[in-house]
Structures are given as structure tokens and as C-alpha cells.
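Hi,

Here is the structure I promised to pass on to you. Could you take a look at it when you have a moment, with the notes below to hand?

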Amino acid sequence: MNEKRIGIIMNGVTGRMGLNQHLVRSILAIREQGGVALADGARLMPDPILVGRSAAKLETIANEHGVARWTTDLSGALANPDDTLYFDAQLTAMRAPSVEAAIAAGKHVYCEKPLATDSEVALRLAAQARAAGVKHGVVQDKLFLPGMRKLKRLVDSGFFGRILSVRGEFGYWVFEGDWQPAQRPSWNYRKEDGGGIVVDMFCHWRYVLDHTFGRVRAVQCLGGTAIPERVGENGIRYECTADDTAYGTFELEGGIVAQINSSWSFRVYRDELFSLQVDGTLGSAVAGLRECRSQHRVNTPRPVWNPDIPNPFKFREDWKDVPDNQVFDNGFKVQWELFLRHVVEDASFPHDFLEGARGVQLAELGLKSWKERRWIDVPELVP
Ligand SMILES: NC(=O)c1ccc[n+]([C@@H]2O[C@H](COP(=O)([O-])OP(=O)(O)OC[C@H]3O[C@@H](n4cnc5c(N)ncnc54)[C@H](O)[C@@H]3O)[C@@H](O)[C@H]2O)c1
């Protein structure tokens with residue numbers, strides 16, 4: 001069988017996302033399945049080199065997962081012409097200089113979100129990648145979640161009629177780190193390290209809304225820091241300088257109103273960590289990470305407000321599961337496969353740096369709306 005190799009410089013693989021989603025569940029899983037099928041019948045086999053700051057951590061990961069190559073020397077890795085793709089899952093504030101170096105070295109670039117912490121930098125990276133003629137992409141993983149893909153199927157089928165509103169709940173309780181260790185890294189709670197839930201989540205909401213319902217035209221946001229102090233990985237108490245909760249409202253083209261609450265200080269009383277309810281004139285649906293349930297207008301019950309009697313309805317029983325009808329692979333892996341095919345055979349890939357910059361723009365305008373206590377229009381970003 002004809003096998004082609006692609007050398008990938010993977011930076012930030014000692015982190016949560018880099019290791020679990022990108023190295024193990026994407027690149028190594030692609031290797032295990034025998035590569036990515038290309039249009040000409042060949043298989044594309046990724047060959048990663050792990051890059052990071054700690055030789056000990058890299059060596060351990062490489063040994064545990066059977067990865068042959070690792071280095072602490074990013075410039076050296078970028079100088080190798082046999083590795084043509086750079087991937088970055090470092091913490092957000094470290095991303096831009098490494099991505100710029102990779103573009104300058106002529107590498108194709110694929111990154112975790114957010115592309116940068118401000119839109120000026122994100123647009124600069126997009127312009128540099130375009131000028132260098134390299135392929136560029138940003139992770140937009142929520143679009144590839146089974147629940148979101150089934151929801152998109154409903155939208156595309158016309159199931160909803162005219163979509164009226166979209167309401168999302170995202171979040172879970174992240175422990176404070178004192179009596180139980182936190183399940184997210186502490187930099188998430190420090191603005192000076194690129195943290196904050198608006199910066200973290202609004203870039204997701206941008207592509208979810210844009211690609212599922214219609215472009216975001218305006219934003220209104222109120223944020224807050226519910227937990228003012230936490231205890232970090234080092235056991236030391238620190239001040240939380242970044243927002244951990246955000247109540248966002250978005251106006252979409254076509255007059256749809258979307259409202260999404262995001263928080264690391266909500267306790268979960270819903271089926272999944274994220275749920276999105278869509279109400280339309282002909283039907284409604286609630287999508288989560290994996291599930292999607294719908295209610296057509298003909299199955300809609302007729303409740304009457306009467307607190308004097310016990311509730312006679314079992315509302316959840318009037319909803320039906322949307323069937324999978326296909327096998328859903330890991331969303332990060334699916335997007336990796338698309339990007340690899342984009343690099344080697346120019347397959348279409350809409351999730352580029354300009355898309356990444358749109359996400360950063362929405363986060364930035366969300367923060368501005370909060371600060372100025374007003375609605376803000378979202379201007380179209382042009383390359
Ligand atoms: N797509 C998603 O759903 C999703 C989810 C969580 C995080 N992310 C993004 O992934 C990136 C990494 O997040 P994470 O949760 O894996 O973080 P993490 O703290 O677990 O990992 C951070 C990585 O950056 C490296 N790093 C480089 N310079 C560093 C420095 N000066 N200080 C600390 N670490 C440094 C670390 O060694 C580590 O490999 C972030 O940009 C984040 O926004 C995306």
C-alpha cells in the first residue's frame with residue numbers, strides 16, 4: 001500500500017488538551033488505524049515530534065505512548081524541513097510567538113483555541129499565514145460533537161421552521177483546590193496568564209452559533225468572578241483575577257436570539273455538561289455533547305399554570321431521541337483528519353485562522369460589553 005508520511009511538530013503535549021485529545025485520541029489513534037485515507041488511495045501517516053519545556057515529562061510521555069521523537073528545542077524542530085506541520089496546544093498566552101516562528105519557518109500551522117488573547121494578534125497571525133502561503137487551522141471541536149452534529153442535521157432538514165431562540169447552559173463546579181484539587185489548570189483563573197471564561201468559551205460560542213444558526217451580529221455580556229481565591233497545583237493560595245462566570249446574549253442574523261450561560265461555578269442539574277435548547281415555530285430540540293432530543297409541534301403538550309395541584313406532566317417524556325444513524329468518531333480526531341487532508345491534498349477546511357480570529361473578536365467584544373454595560377455590534381472581519 002502506498003503510504004505517505006507527514007512530520008508534525010506538536011507543542012504543548014504535556015498539557016491536558018495536547019496530551020489527551022490531540023496526541024493520544026487524535027494523532028496516535030490515526031497512526032493505529034493505519035493513517036488517513038487520501039483521495040489517490042494512499043494512506044497519510046502522521047509522524048509526531050513532541051516539543052515542550054520539560055525533558056523529563058516529554059520523555060515519559062514518549063515512552064508511555066511509543067513516540068520515537070521529542071525535543072525541548074523548538075527552533076531546532078522548526079529547522080527540520082522533513083516536519084512540515086506545526087501544532088500548538090500551549091497555554092493561550094504562549095501561542096502567538098511560537099506560531100509566528102512556525103510560519104516564518106514555512107510550516108503549516110494548526111492550533112488550539114483561542115488563537116490569541118486579542119483580535120489584533122489573531123488577525124496578524126491570519127495575515128502572516130496567508131502571506132506565507134501556508135495552510136492554517138484552529139480547533140473548533142464542539143461542531144464535531146455527536147449532539148451538535150445531530151442538532152445541525154435538524155437545522156438543515158428544516159425541522160424547526162423559523163428558529164426563534166437558542167439557550168445554552170455550559171459549566172460545572174470546578175473545585176477550589178483546597179479541600180479537593182481543582183480539575184482545571186490554575187492559569188484559567190488568572191487574567192495575567194491568559195485565563196478567563198469569556199476568552200475561553202466565547203470563541204467556542206462564536207463558531208457554534210455562526211455555523212449552526214447564523215452569523216453573530218451583536219453581543220451583550222455580564223461576567224463575574226464567583227470564587228475570588230483558589231489553591232493552585234503548587235498548593236499555594238492565589239487570587240482569581242479572571243472571570244469564571246459569564247452570562248452572554250447574542251443577536252444572530254435572521255433575528256434569532258441566543259443566550260448562553262457559561263460558568264465554572266455552576267453545579268450540574270441537567271443531562272450533560274453542555275446543553276443547548278433551540279425553539280422554533282415547528283419544533284424544538286435540546287442537544288448536549290452526545291445526545292439530541294426533539295419535540296415536534298404535534299407532540300407539544302398543553303400545560304396550564306396551576307401551582308395548587310401537583311404537576312400532571314412528565315415533560316421529558318414528550319421528547320424523542322434523534323438517532324445517531326452513523327458512527328461518531330472523536331471530534332478532535334475528525335477535525336485533525338480534515339486538516340491533514342487540507343494540507344496534503346487541498347481538501348476544503350473552513351476552520352482557518354480568520355475563523356479563529358472571529359472567535360477571539362467575540363470574546364473581546366463580550367468583555368467590552370461587560371465593561372461598558374451595553375450591547376456591542378460585531379463587525380464582519382475581513383481578511
Ligand atoms: N478545545 C477545547 O475544548 C479546549 C479545552 C481546554 C483548553 N483548550 C485550550 O488548550 C490550550 C491548553 O489548555 P490546557 O487546558 O491543556 O492547559 P494545560 O495547563 O493543561 O497545558 C498547557 C500546556 O502549555 C505548556 N506551557 C508552555 N509554556 C508554559 C508556561 N509558561 N506556563 C505553563 N504552561 C506552559 C505546558 O507545558 C502544557 O503543555 C489553551 O489554549 C486552552 O484554551 C481547549
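What follows is a short account of the ligand and of the pockets.

Please keep in mind that this is a predicted model.

Let me start with the ligand. It sits in the largest pocket, with 23 residues around it. Thr14, Thr92, Arg95, Asp141 and Trp187 are the closest of these. Sorted by class, the shell around the ligand consists of nine nonpolar, eight charged and six polar residues.

Which backbone atoms come up against oxygen atoms of the ligand? Arginine 16 has a backbone N or O atom 2.9 Å from a ligand oxygen. For glycine 15, a polar backbone atom lies 3.0 Å from an oxygen atom of the ligand, and for leucine 91 the corresponding distance from a polar backbone atom to a ligand oxygen is 3.1 Å. As for how covered the ligand is, it would expose 850 Å² taken alone, and the protein buries 84% of that. Two elements give two or more residues to the shell around the ligand: helix H1 (16–32) and helix H7 (197–212).

Now to the largest pocket itself. Its volume is about 1,600 Å³. The lining has 50 residues, and those closest to the centre of the pocket are Gly15, Arg16, Met17, Gly18 and Glu112. At least two residues each come from H1, helix H4 (95–104), H7 and helix H8 (331–345). By class, the lining of the largest pocket is made up of 20 nonpolar, 17 polar and 13 charged residues.

There is also a second largest pocket to look at, which holds about 490 Å³ of space. It is lined by 20 residues, and Asp271, Ser275, Gln277, Val286 and Arg316 lie nearest its centre. The elements that give this lining two or more residues are strands: S8 (163–171), S13 (257–263), S14 (274–280), S15 (283–287) and S16 (292–296). Its lining residues divide into eight charged, six nonpolar and six polar.

Best wishes

Methods: Residues numbered from 1 in each chain as written. Predicted model: local features only at pLDDT ≥ 70, side-chain atom pairs only at ≥ 80, totals over all residues. Heavy atoms only, no water. Near = heavy atom within 4 Å. Polar contact = N/O pair within 3.5 Å; in protein donor to acceptor, adjacent residues only side chain to side chain. Areas by Shrake-Rupley, 256 points an atom, 1.4 Å probe, with all protein chains shown as cover. 1 Å grid on protein atoms, 1.4 Å probe; cavity = no way out; pocket = protein on both sides within 12 Å on 5 of 7 lines; lining within 4 Å. Sits in = over half its atoms within 2 Å of the grid points. Helix = DSSP H or I, 4+ residues; strand = E, 2+ residues; numbered from the N terminus. Nonpolar A, V, L, I, M, F, W, Y, C, P; charged D, E, K, R; others polar. Points joined across faces, edges and corners; volume = space filled by probe spheres on them.
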